[in-house]
Amino acid sequence: LNPSPFTTSAGGVTVRVKVTPKASSNRVDGVHAGADGSAILKVGVTAAPEGGKANAAVIKLLAREWRLPKSSISVSAGASDRRKALFIEGDPQQLVQHLNQWREING
């Protein structure tokens with residue numbers, strides 16, 4: 001696999017995400033290379049970036065996509081930025097395995 005947007009840390013996994021708010025549909029656009037060569041998961045949500053609506057939409061979308069509880073996903077950095085870090089609480093090894101399987105299926 002190419003560079004991964006998923007990084008294990010104590011108690012879970014951090015995911016680097018680039019969000020497009022007010023997109024035409026809620027969608028996951030796959031993993032892309034960022035300007036610094038790091039991998040970023042691109043996500044589009046229809047919600048506007050106000051009052052945390054877009055962040056909530058991103059969490060809802062990814063929780064459904066990854067079949068994980070919404071309560072396990074939170075914004076750990078960049079809450080008001082298009083580029084953000086999400087933290088998924090849980091067993092880091094199991095989560096990374098689960099997310100990498102998702103990546104293989106969804107490209």
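Val19 is in contact with Val43, Val45, Val58, Arg82 and Lys84, leaving aside its neighbours within four places in sequence. The model is predicted. Val19 sits in strand β2. Its relative accessible area is 2%, so Val19 is buried. One further separation can be checked in the structure. Val19 and Ile73 are 54 residues apart along the chain, and their C-alpha atoms are separated by 15 Å.

Is Gly12 buried or exposed? Gly12 is buried, with a relative accessible area of 0%. Not counting residues up to four places away in sequence, Gly12 touches Thr7, Phe87, Ile88, Glu89, Gly90, Pro92 and Leu95. Gly12 and Val96 lie 84 residues apart along the chain. Their C-alpha atoms are separated by 8.8 Å.

## The chain as a whole

The protein chain has two helices and six strands. In what order do they come along the sequence? The pattern is β-β-β-β-α-β-β-α. Strand β2 covers residues 12-20, and β3 covers 27-33. Helix α1 runs over 53-66. Strand β5 takes in residues 73-77.

The overall dimensions come next. The C-alpha trace spans about 35 × 30 × 25 Å along its principal axes. Why can the chain be called a compact globule in its radius of gyration? With 107 residues, such a globule would have a radius of gyration near 13 Å, and the protein chain has 13 Å, so the two agree.

Of the 107 residues, 40% count as buried. Val19 and Gly12 are among the buried residues. Among contacts between residues at least 6 apart in sequence, 54% join residues at least 24 apart. The chain exposes about 5900 Å². Carbon and sulfur atoms supply 48% of that area.

## Strand β5 and Ser76

Ser76 belongs to strand β5. Its relative accessible area is 45%, so Ser76 is partly exposed. Which residues does Ser76 touch, not counting those up to four places away in sequence? They are Ala85, Leu86 and Phe87. Phe87 is also among the residues that Gly12 touches. Ser76 and Val15 are 61 residues apart along the chain. The C-alpha atoms of Ser76 and Val15 are separated by 9.4 Å.

## Charges and salt bridges

The chain carries 14 positive and 8 negative side chains. The centres of the two sets lie 7 Å apart. How many salt bridges are there? The count comes to two.

| Salt bridge | Distance, N to O | Relative accessibility |
|---|---|---|
| Asp29 and Arg27 | 3.0 Å | Asp29 34%, Arg27 28% |
| Lys53 and Glu50 | 3.3 Å | Lys53 46%, Glu50 45% |

Take the pair of Asp29 and Arg27. Asp29 is partly exposed. Arg27 counts as partly exposed too. In the other pair, the side chains of Lys53 and Glu50 meet. Lys53 counts as partly exposed, and so does Glu50. Residue 27 opens strand β3 (27-33), and residue 53 opens helix α1 (53-66).

## Two loop residues with positive phi

Lys22 has a phi near 55°, a positive value in a residue other than glycine. Where is Lys22 placed? Lys22 is in the loop between β2 and β3. Its relative accessible area is 61%, so Lys22 is exposed.

Arg67 has a positive phi of about 55° although it is not a glycine. Arg67 lies in the loop between α1 and β5. Is Arg67 buried or exposed? Arg67 counts as exposed, at 71% relative accessibility.

Together these positions give examples of each level of cover. Gly12 is buried at 0%, Ser76 is partly exposed at 45%, and Arg67 is exposed at 71%.

Key. Residues numbered from 1 in each chain as written. Predicted model: local features only at pLDDT ≥ 70, side-chain atom pairs only at ≥ 80, totals over all residues. Heavy atoms only, no water. Helix = DSSP H or I, 4+ residues; strand = E, 2+ residues; numbered from the N terminus. Rg over C-alpha atoms; globule rule 2.2 N^0.38 Å. Buried < 20%, exposed > 50% of the residue type's maximum accessible area, 1.4 Å probe, protein only. Contact = heavy atoms within 4.5 Å. Areas by Shrake-Rupley, 256 points an atom, 1.4 Å probe, with all protein chains shown as cover. Lys, Arg positive; Asp, Glu negative; His and termini not counted. Charge placed at Lys NZ, Arg CZ, Asp CG, Glu CD. Salt bridge = Lys/Arg side-chain N within 4 Å of Asp/Glu carboxyl O.
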